[in-house]
Amino acid sequence: MKHFFNRRETIVVEALEGVLKTAGPGRLARLDGFPAIKVILRADLDRDKVAIVSGGGAGHEPSHAGFVGRGLLTAAVSGEIFASPSVDAVLAAIRAVTGPKGTLLVVKNYTGDRLNFGLAAEKARAEGYDVEMVIVGDDIALPDLAQPRGVAGTLFVHKIAGHLAESGADLATVAAAARAAAGDIVSLGVSLSTCSIPGQAHEARLGENEGELGLGIHGEPGVERIALKPAADLVGIMVERLTAALPAEGDLALIVNNLGAVPPLEMALVANDVLSSPLGARIARVIGPAPLMTALNMNGFSLSLIPLDAERAAALDSTVAPVAWVPAVSRGPVAVVAMPAGTASAAAVEASAAPAVAALLTTICDRLISVETELNGLDARAGDGDTGSTVATGARAVRDSLGRLPLADTPALLAAIGATLSTAMGGSSGVLLSIFFTAASKALADSGDLAAALSAGLDRMTFYGGATPGDRTMIDALAPALSDLPRGVAAAAKAARDGAEATRGMTRAKAGRAAYIGASDLEGVADPGAVAVAYAFEAAAGASISN
């Protein structure tokens with residue numbers, strides 16, 4: 001896998017420098033120990049309050065340096081990628097931030113972190129510093145494991161401890177609340193790919209249709225491999241196991257954590273699945289979905305839950321300075337605004353029956369739906385890979401509304417199809433086709449000549465869309481097809497197919513997303529919109545012949 005970096009040996013230091021330089025003045029500072037001592041601390045350090053120190057290996061960004069600031073961490077100690085920081089680095093952080101009220105170390109339950117933070121704590125105590133340490137082991141992937149891993153649920157401890165420290169609580173109070181929270185948190189992760197470390201060879205261990213459940217945040221294998229399932233099914237498995245590890249009643253707070261590479265669209269879907277699950281009714285606070293404790297570029301997510309009481313709710317709700325932290329959101333009903341009057345004009349048209357027209361439309365729609373994958377593949381070569389899905393969505397909408405359409409009234413039918421595509425199809429192609437059918441409807445009502453009306457629709461389509469024949473769009477198939485339509489549907493279908501094939505030789509697109517693609521990527525690739533038009537006319541010709 002490819003990465004943006006300069007040298008493997010300096011990637012962590014350079015990344016931390018990037019965090020410092022983009023934090024804004026007066027927020028963050030670093031100890032003068034780079035590269036061996038990598039400690040980020042608050043520039044506005046107040047030693048009259050308990051200091052909260054955490055850290056670990058790099059690769060979990062924005063954890064941990066991204067959470068240094070008022071209300072969260074006082075300092076973060078970083079090791080190399082997925083490697084614990086040294087004892088000297090942790091000890092340097094303790095010395096730098098500890099005042100009369102002492103320091104709390106929040107440590108994820110990995111051997112290297114426990115040992116290095118633990119030895120640093122012992123050395124600091126020997127020097128006279130008041131230091132407590134809380135170990136977080138929130139991962140429930142292996143329920144019988146005596147030393148469960150510390151994963152994204154650690155962030156709950158950061159927030160609760162940081163809030164109490166900022167409020168002026170003493171070390172005993174902060175440590176007790178942090179330990180209680182650490183003992184109550186449960187987390188579980190799932191991923192569809194392993195992560196890749198910059199500068200190291202990457203070997204994928206999962207099959208194309210496999211995922212891993214219960215994996216760690218350093219790329220270590222999951223507890224079990226599972227077959228790829230719909231997101232709701234994966235979330236259902238996770239929720240069932242998390243629920244079994246939680247108290248049977250009471251409010252909960254949830255962290256929906258992106259492990260690095262899941263697109264925001266999919267993370268929002270995951271959040272919806274969790275909140276729609278049987279456990280959702282108990283979730284009173286949500287943090288995320290967001291990348292909070294990542295595993296580099298792992299294509300996965302984790303769910304962390306903690307029982308909620310008034311004190312924890314107040315801690316999670318309190319504002320903090322670090323911009324990387326995602327504020328907790330209180331759950332409430334989704335607001336629904338009534339549809340403005342007049343937006344569903346197509347529904348007001350009286351439906352009418354015409355079996356032959358219904359059969360023709362069904363044939364065309366079924367054909368367009370059947371070539372969804374093919375059209376997406378063509379579009380992936382020269383666009384964003386969704387033409388087939390967009391066309392199929394429009395076709396399904398028309399097919400599913402046949403019983404409500406004025407099939408016996410052609411001008412009204414064209415208008416209704418235009419309205420349906422405008423609502424359901426989306427994208428520029430949906431709008432253009434809606435313009436085409438809407439304008440054709442008006443022209444047909446005025447003239448009674450279908451071929452001429454469709455040509456009038458094409459004229460409006462080219463006027464608003466800006467594309468003309470030769471620009472490598474659907475018009476390269478639609479224009480010749482409509483020109484030959486007076487000679488019959490078969491002739492129009494042949495003209496459409498010839499026009500679509502001609503786009504293979506057009507290495508310069510002048511409209512649509514393909515306009516941004518180089519000639520070498522377009523050469524030999526037919527325009528997917530033009531191909532869709534050809535399929536539609538061929539389906540119509542086939543239906544006409546069979547009738």
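# Close-ups of a predicted model

View 1. Serine 78 has 13% relative accessibility, so it counts as buried (buried means under 20% relative accessible area, exposed over 50%, partly exposed in between, with a 1.4 Å probe and protein chains only). This is a predicted model, where local features need pLDDT of at least 70 and side-chain atom pairs count only at pLDDT 80 or more, while totals for chains, interfaces and linings use all residues. Residues are numbered from 1 along each chain as its sequence is written, and side-chain values use heavy atoms, with hydrogens and water left out. Setting aside neighbours within four places in sequence, serine 78 is in contact with Val12, Leu16, Lys38, Gly56, Ala58 and Pro85 (contact means heavy atoms within 4.5 Å).

**View 2. The six-strand sheet.** Here the order is β1-β2-β4-β3-β5-β6, in an open sheet with mixed pairing (two strands pair if DSSP finds at least two bridges between them). The edges belong to β1 (28-30) and β6 (131-136), each with a single partner strand, so one side of each has no neighbour in the sheet. On average, neighbouring strands are turned by 25° against each other, direction ignored (axes are lines fitted to C-alpha atoms, for helices over the stretch in contact, and angles run from 0 to 180 degrees between N-to-C directions). Look at the β1 end: three bridges tie β1 to β2 (residues 39-42), and the two run antiparallel. Leucine 28 sits opposite arginine 42 there. Helix α3 (residues 111-126) packs on this sheet, touching β3 (51-58), β5 (103-108) and β6, and its direction makes about 170° with that of β6. Helix α5 also touches β3, β5 and β6, but its direction makes about 10° with that of β6.

**View 3. The seven-strand sheet.** This one is open too, with mixed pairing and the order β9-β8-β7-β12-β10-β11-β13. Its edge strands, β9 (224-227) and β13, each pair on one side only. Helix α6 (residues 231-244) lies across β7 (186-191), β8 (210-213), β9 and β12, running at about 155° to β7.

**View 4. Strand β11 and its partners.** Six of the eight residues in β11 (residues 283-290) are buried. Five bridges join β11 to β10 (residues 252-258), and these two run parallel. Leucine 252 is a handy landmark: it stands opposite isoleucine 283 in β11, and its bridge partner in β12 is proline 307. With β12, though, β10 pairs in the antiparallel sense, over seven bridges. Over on β13 (residues 329-330), two bridges hold an antiparallel pairing with β11, and valine 286 stands opposite valine 329.

**View 5. Helix α8 and its buried side.** Arg312, Ala313, Ala315 and Leu316 are buried in α8 (residues 310-317). They span an arc of only 160° around the axis, which means they sit on the same side of α8 (the arc is that of the directions from the helix axis to the C-beta atoms). These buried residues pack against α4 (154-166), α5 (171-184), β10, β11 and β12 (300-307). The face turned away from that buried side carries Ala310 and Glu311, both exposed. At the start of α8, a side-chain oxygen of aspartate 309 comes to within 3.2 Å of the backbone nitrogen of glutamate 311.

Terms used:
Helices (H or I, at least four residues) and strands (E, at least two) are DSSP runs, numbered from the N terminus. A polar contact is a pair of N or O atoms within 3.5 Å; within protein, one must be able to donate a hydrogen and the other to accept it, and residues adjacent in sequence count only if both atoms are side-chain atoms.
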